[in-house]
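Work through the exercises below with the sequence and the structure at hand. Each task is followed by a solution in steps.

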Amino acid sequence: MQLYCESLTNYKRLPTKEVKIGDLLLGNFHPIRVQTMTTTDTMDTLATVEQSIRCIEAGSELIRITAPSKKEAENLLNIKNELRKRGYTTPIIADIHFTPNAAEIAARIIEKVRVNPGNYVDKKKFEQIDYTDAEYAEEIDRIRERFTPLVKICKEYGTAMRIGTNHGSLSDRIMSRYGDTPMGMVESAMEFLRIARGETYHNIILSMKSSNPQVMVQAYRLLIKTMFDEFGEIYPLHLGVTEAGDGEDGRIKSAVGIGTLLEDGIGDTIRVSLTEDPEFEIPVCKDLVERYSQIDGKTGRPEDALINNETALGLTDFPTSRLSYSPFEYKRRQTFSVHNIGGTNVPVVIADISKIEKITPADLQSIGYTYDEGTDKWTIGDAAADYIFTGHQLLDFALPGTLKVIVYPAAWAEAVDKTKYFPIYSDSGYAEAAKSEQLNFVMIDCFNDSTPINDYTHLSTLANDETVVLCLSSTNRNAMQSVRRMFTALMNQQMKNPVVLMTDSSWQTPDEHLIHFATETGALFLEGMGDGICLGYSRTSGLQNIQTTGRTYLEVKDIYQFTNNTAFSILQATRTRISKTEYISCPSCGRTLFDLQETTGKIRAVTNHVKGVKIAIMGCIVNGPGEMADADFGYVGSGPGKITLYKGKEVMKRNVNSEVAVEELINLIKDNGAWVEA
Ligand code: SF4
C-alpha cells in the first residue's frame, strides 16, 4: 500500500475484506455497489415499498430505510415481506440513530444495520468535557456494554453492519479529545470497530461522511491508514458526501468527494445524497462508478481510444518518501504570483471560447459579462471568468476591465494591447519564442511521463521565469494521477510557478462531463494543487438535445454557461474560491418534517445572492443540528409545521411557524450582518 491506496500513479482497487449482505457480496474487488435511501415514512409500508421498487428498478443494489424507534424497526418486517412477495430480494439496511433498541430489533429482520458511533450510545449536548484517561476508558467500557449486544445479534443472524461516522455528529467525548477533525471521525469509528473485532465479528463496512469534501477525503484516507497500521487489513468502505444539495451543485460536490477517492481505487459502495427523489441518485452513482468499471479489463475510459501503446498506459511509480505534500491535510501548494494567478490569489477560471467563429460582446454573457449597448457598460456577475482563450482570434470590441485574453503566439504578436492579451506556448516552443514581459502560459502534457520523480531538469528554465504560468493536462488513462505526479515533481524541484489545470472531457452526456471535470480537477484542488481551471471538450455532440428514454439528464441550454458554472462550482465545492451561497441540505428520510425539495427551492430563490454564506436546510431536529456541520445558519424542522432557526450550532428562534420561517431566516441573516441586497 502507498500511504492510503495501492498506487499513487496508476488506478488500482484497494484490497478490502469481503462482506456479505444477504446474497450480495461487497468489498474484495467485487463491483462497486450503488445504493440509496428512502424518504417515505417507514410506517407507511406501501409508500416505502413502492419507493424502494422505483430505486431498485433504477439500479439500486441496496435500500436503506430509517428506523428512528422500535415501531419503525418492527415495521421493516412488513416492508421486507411485501418486497419479497413482489419478487424483489434487494438487501435492506436499517438506518439507526440514538436507539440501540431499534437496532437490535432491525438486526434480526433485515440484512444490514447502519449505526452512527456519534450518537449510538452517546447523547450529543455540544458540551466540552475534559476527560482524564481513566474517565475516557470508562466511557469506552460503557460503549462496549451497550454496543456488544447488537454485535452478537448481527453475528448470530448473519446481519452486516455499517459503522457510519458523520463529521457533523461526533460525540461530545470525541470532540473533547480530538476536536471536529478527520482524526476524531476515524477514532470514533475505530472504537466501535475494535469492539466488534473483539467479538470476532467482521461483517463490517465503514464510512466517514461530511458535507465538506475536503474533510471527507482526508478522513477516509486516515481511516484506511489507521486500520491497516492497527489490523493489517482494511474493511470495505461506503463513500458519500452528506447533505450535498441538489442539481448541478449537489452532483459536483458529490463527484469531488466520492470521485477523488474512487480515482485512487478507494470505495466498495457509494451513495450520492441529493435533495431529490432517491431514484434520481442512482444514475449519478452509476456515472461515477462507470468510469472505473472497465479499467481492470484494460479497455479503460473513452480517452483510451487515444492510446494505442500498452506501455503508455502505466506511469512510473515513485517511493512515497518522495511525496512532497501530506495527503491527510489541506495545504495549498506554494507559488509565486504572476499577474493575478497563484500566490494568495483565488484560482482563476479560464473560459475556452475558441470554437466560436466570430466572438461578439453577446457571447460573453454565458461566462458572466453582460453588455448594455445603450450605456456602453458591462455588468459583471459573481461567477465571471477571469480569462478567455480565443485561439487565433483577436477581438474587435473593448473588453470588460477585469477580463483578459489568452491567444496563440502568432495572434499575440499582432495584438496591440499587450496588457489585455497574453500568449500560450507549448513547452518545447517557449524557449525560442518572443515573450510577454508580464505573463506567459506554457502547456505541458503529462500524458506519458516516465521521468524519475526527482529529475525534471528539462523544466528548470521555466522555474526561473517569473512570468510563466504552467498549464498542465494529460490524455493518459490515469490523467489525474499523471498531473498529480507532475505536481510532486514540481514541488520536489522547488518550482513555484502557478499551475492552471486544463481538463478535457471526451464523455458524452452533460452528467458524465460534469462528473469527469469534478473528479479530475476536484481531486487536485483538494490536495492544494491548482491556481486556475480551464475545462474543454473533445466532443460536445451529447451535451445538448439528448434523446434517450427512461433517463433525465441535466439540461444544457448553453454549453459555455454550463462549463463556466461547472468550473466555479468545482472551486466552491473544494472551498478554494467562494462565488455563491452554499446550501447544505439533507436528502430527507422518514424523519423529515416538511417538503425538503420545495423548501430548499424557496430558500434558494431568496438567498442565492448572499455570496459565501452557508445555509443548512435539515429535515429533523434529531439529526439536523449535528449533521449541518459548519453551516452559518440552519433551518431545521422541529415539529409538524414548526421550524427552529440556528446561527451556527446555537438556537436563535425556536419553533417558528413554517409559514413565516423563510422570512425569519432572512431576518436572522440580516440581524447578523451577513445579508446583502440582491
Ligand atoms: S437530517 Fe434529514 S436525512 Fe438526516 S435524519 Fe433528519 S430528516 Fe433524515
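A residue is near a molecule if one of its heavy atoms lies within 4 Å of it. The model is predicted, so local features need pLDDT of at least 70 and side-chain atom pairs count only at pLDDT 80 or more, while totals for chains, interfaces and linings use all residues. Residues are numbered from 1 along each chain as its sequence is written, and side-chain values use heavy atoms, with hydrogens and water left out.

**Exercise 1.** List the residues that surround the ligand, and divide the shell by residue class.

Step 1. Around the ligand are C586, S588, C589, R591, T592, G619, C620, N623 and G624.

Step 2. Ala, Val, Leu, Ile, Met, Phe, Trp, Tyr, Cys and Pro count as nonpolar, Asp, Glu, Lys and Arg as charged, and the others, Gly among them, as polar.

Step 3. The shell then holds 3 nonpolar, 5 polar and 1 charged residues.

**Exercise 2.** How do helices α8 and α14 lie to each other?

Step 1. Helices are DSSP runs (H or I, at least four residues) and strands are too (E, at least two), numbered from the N terminus. Axes are lines fitted to C-alpha atoms, for helices over the stretch in contact, with angles from 0 to 180 degrees between N-to-C directions.

Step 2. The axes of α8 (residues 247-263) and α14 (residues 510-525) come within 8 Å and cross at roughly 55 degrees.

Step 3. Angles under 35 degrees count as roughly parallel, over 145 as roughly antiparallel, 65 to 115 as roughly perpendicular and the rest as oblique. α8 and α14 are therefore oblique to each other.

**Exercise 3.** Describe the crossing of α16 with α18 and that of α6 with α7.

Step 1. For α16 (residues 596-607) and α18 (residues 658-671), the axes come within 11 Å and cross at roughly 40 degrees. That makes α16 oblique to α18.

Step 2. For α6 (residues 182-198) and α7 (residues 213-231), the axes come within 9 Å, crossing at roughly 40 degrees. α6 is therefore oblique to α7.

**Exercise 4.** Where are T200 and D376 found?

Step 1. T200 is in the loop between α6 and β8 (204-209), and its phi is near 50 degrees, a positive value in a residue other than glycine.

Step 2. D376 is in the loop between β12 (369-372) and β13 (377-380), with a positive phi near 55 degrees.
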